[in-house]
Structure formats: structure tokens, C-alpha cells
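Hi,

Here is the structure I promised to pass on. Have a look at it first, and then read my notes below.

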Amino acid sequence: MNKLIWIDKEIARLQKEGLITKIRTIESPIGGHIRINGKNLINFCSNNYLGLANNPRIKKAAINSIKKYGVGPGAVRTIAGTMSLHDQLENALAKFKKCEAVIVFQSGFTANLATIPALVGKEDTIFSDELNHASIIDGCRLSGAQVTRYAHNDPKDLEAKLKTCKSDKRLVITDGVFSMNGDIAPLDKLQKIANKYKALIMVDDAHGEGVLGKNGRGIVDHFKLHGKVDVEVGTMSKAFGVVGGYVAGSKSLIAWLKQRGRPFLFSSALTVPDTAASIEAVKILQKSDKLVSKLWKNTKYMKEGMVKLGFDIGKSETPIIPVMLGEAKVAQEFSKLLFEAGIFAMAIGYPTVPQGMARIRVMNSATHTIDDLNKALHAFDEVGHKLKVIS
Ligand code: PMP
């Protein structure tokens, strides 16, 4: 008896509807160029905004740390897994983010799962942007708090909903940069409203780090809100080019998460090379904004090129460019033809984005050359005409 037959049926249905994500295996380091199935491609898929995933200084830091400390932490942080490297990373991040303290987690996803249930529970209410990331949604569910979704990036709707809230403890949560649209949360306005209604405010800066603010300090720096946002969640997996997550905030917040953040208490610490590599990434950003400037220069070039070709790129304000195509099948075919032309850019469809709003998501990076960008624009032009998306 095949008890899992329903899975095969579901997968066949997804296949038919063009909703299966094809997972590609990369045979090279992650950079502006990558190799898949022996084919060299220009890469517009990764969140490696600054090219740090294969940076020589960061690689060296990771290798040296292994020589000194080995690879694994051997335990959860609270039992015997906190190494001097973890403390160094937390101090470096606190300085970089200009906040009192930082706690490091294994990923951005676990940082959200740890933080939300530690702050609110059954009697409380969370106000969550309707487009917030899956890890925020899951963190909200785990907390058991009542969740009220407010309209995307709409401070007025947030205020209307906060006004009628009866809970004593309220938490407003937003992504900083929305990863599927590339738009920025109006954090200054959200923070004012949260303050007015005595709600905590939390931002997930996963796609803002290394991108927004001075030297890529993120969305809080972008809006000059230092000390005014209660909880900043971050990740080392995107612009920092490594893996890992963290929360930045006041000393009391971090002390609390060290006692009540379940992934911190019950899952082993970040590995030695990841921690050392992250320290080096922070040092690089702390010192220079060269890579951040290059990222924005490339982004401007690509956006202007896409608009000139006649593509709808939504309301992106960041290096994430959604090329809107409508149906998932069109987006998948578009991505396949780009791949054949040497361009790696993923189709994104339901359930990651709403039905009928499928797109190719173009992730810009400081590692691309102008020649790379011209080749990509040329391929988008050819495929766009072939599939009659542009005229
Ligand atoms: N938050 C947001 C907004 C994200 O985009 C992501 C990654 N997709 C995460 C959290 C999770 O980060 P990590 O990959 O470090 O788990």
C-alpha cells in the first residue's frame, strides 16, 4: 500500500499548472558567473548582493578559524557552545548596526522563530504586513498571539487596526525590503504609529543589510531611526555572503532572547567558519562602501535598461527587480529561454507570489560587469519578443 500516493498526485498537479520549482545544482562558487550542468551562466538569482560569498578575505578568515578552532561548536550556546568567535561577531554587529547589543542565531529564519514567541503570547496582538516573509508568519503562529494583517506598506491601515485593539501588549512587524517586490517599508511612519499606540516595532532587515543605509547598515540607518526601532532582525546569508541570523536591539531585549529564544536554547550554535566569515564580512562593510556603491550603480543601469525595453518592473526601490509576467507558465518558459541564452534568473510563481502575478526576479550584484548587464538586457529583449511580452 502506497500511503504517500497523494503526494505524487499533488506533484503531478503542480507540474501541470507550471508551479513546480526546478532546483538547479550549482557546480562553481556563487558569484556574478556560475556553472550549472557544465554551462557557464551570468547569475541573477542569488542574494549575494556584494559578491562576498566568494570573497578571498572572507575565505581566508574562515580557513584560519578552522585551523584555530575546528569546525563545530559541539553544543547549544547555553550549554557549552558559545565560543569567543560568537561574542566577537555579536560585538562587531552591534557596532556596525549602532545598537546596544546583538544575539546571533543559526539563520534569519530561526531568528524570527526565536524572537516573536519570546515577545508576545496568547493575550497579545501582532500587526503584520500582509506581504511579510514566511519566517515572520511562522514566528507569529508559534507565538499563539492574535495576528492582524494590515495592508501592504499602509501606515493608515495599520493605525486604523491599532486603534481598535484591546490587547495591552502589541507588536508591529514588517519586512524592511520586500523580497519579491523590492519595495521598502515606510519604517519612519510605521515607527511613529507604533509609538503612538504603545506597540513594539520590529523590522526584518534581511534584504536591507549591505544594501540600504551608510555602508549598508540597513533600513534603520536609511531612515536614521537608531534607538527607535525595538527589534531589528538580520541575516548573514544575503549581502554578508555567509549564513546565520541575528537580532539587534537594547541590552534588555538581547538578555531576554538569551533566556527565552528557543532556537538559541535548543539548537546548536553557528559553526566556526560561518562565524569567522561573518566577522570578516562586517569588517569589510564597516571600512568601505565601495561594494554598496557598485551594487547601486549596477541596479540603476539594469532598471533603466529594463524600462527602456518595455518591461513592467513594478515598484522596486532596491536591487531586487521583479520583471512582471503574469502567468506562472509564461514566467517558467521565460526563465528556461534565458537559461539557454546563458542568463540564470528564476521564475517566481504561486504560492511565493499571488496567482497571476508570476515574475522573473532579477537580483543585482556588485559583482556584475557592464558587459554582464548588457548581455542580460539583450537576452531579456530577445526572449521578451519571442514570448510576445514586449512589442
Ligand atoms: N527574512 C526575510 C525577509 C528573508 O527574505 C529571508 C530569506 N529568504 C529570511 C528572513 C531568512 O533568512 P535566512 O536565509 O538567513 O534563514
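What follows is a short tour of a few spots in the chain. Keep in mind that this is a predicted model.

Let's start with strand 7, residues 200–204. Four of its five residues are buried, so the rest of the structure largely encloses this strand. Strand 7 has a parallel partner in strand 6 (residues 170–175), and five bridges join the two.

Which residues does a cis peptide bond join? They are Tyr350 and Pro351, with omega at about 10°. You'll find Pro351 in the loop between strand 12 (347–348) and strand 13 (358–363).

Two residues have a positive phi without being glycine. Asn37 has a phi of about 50°, and it sits in the loop between strand 1 (33–36) and strand 2 (39–43). Its relative accessible area is 62%, so Asn37 is exposed, given that the cut-off is over 50%. For Lys388, phi is near 55°. Lys388 belongs to the segment after helix 15 (370–386), and it counts as exposed too, at 72% relative accessibility.

Cheers

Conventions
Residues are numbered from 1 along each chain as its sequence is written. This is a predicted model: local features need pLDDT of at least 70, side-chain atom pairs count only at pLDDT 80 or more; totals for chains, interfaces and linings use all residues. Side-chain values use heavy atoms; hydrogens and water are left out. Buried means under 20% relative accessible area, exposed over 50%, partly exposed in between (1.4 Å probe, protein chains only). Two strands pair if DSSP finds at least two bridges between them.
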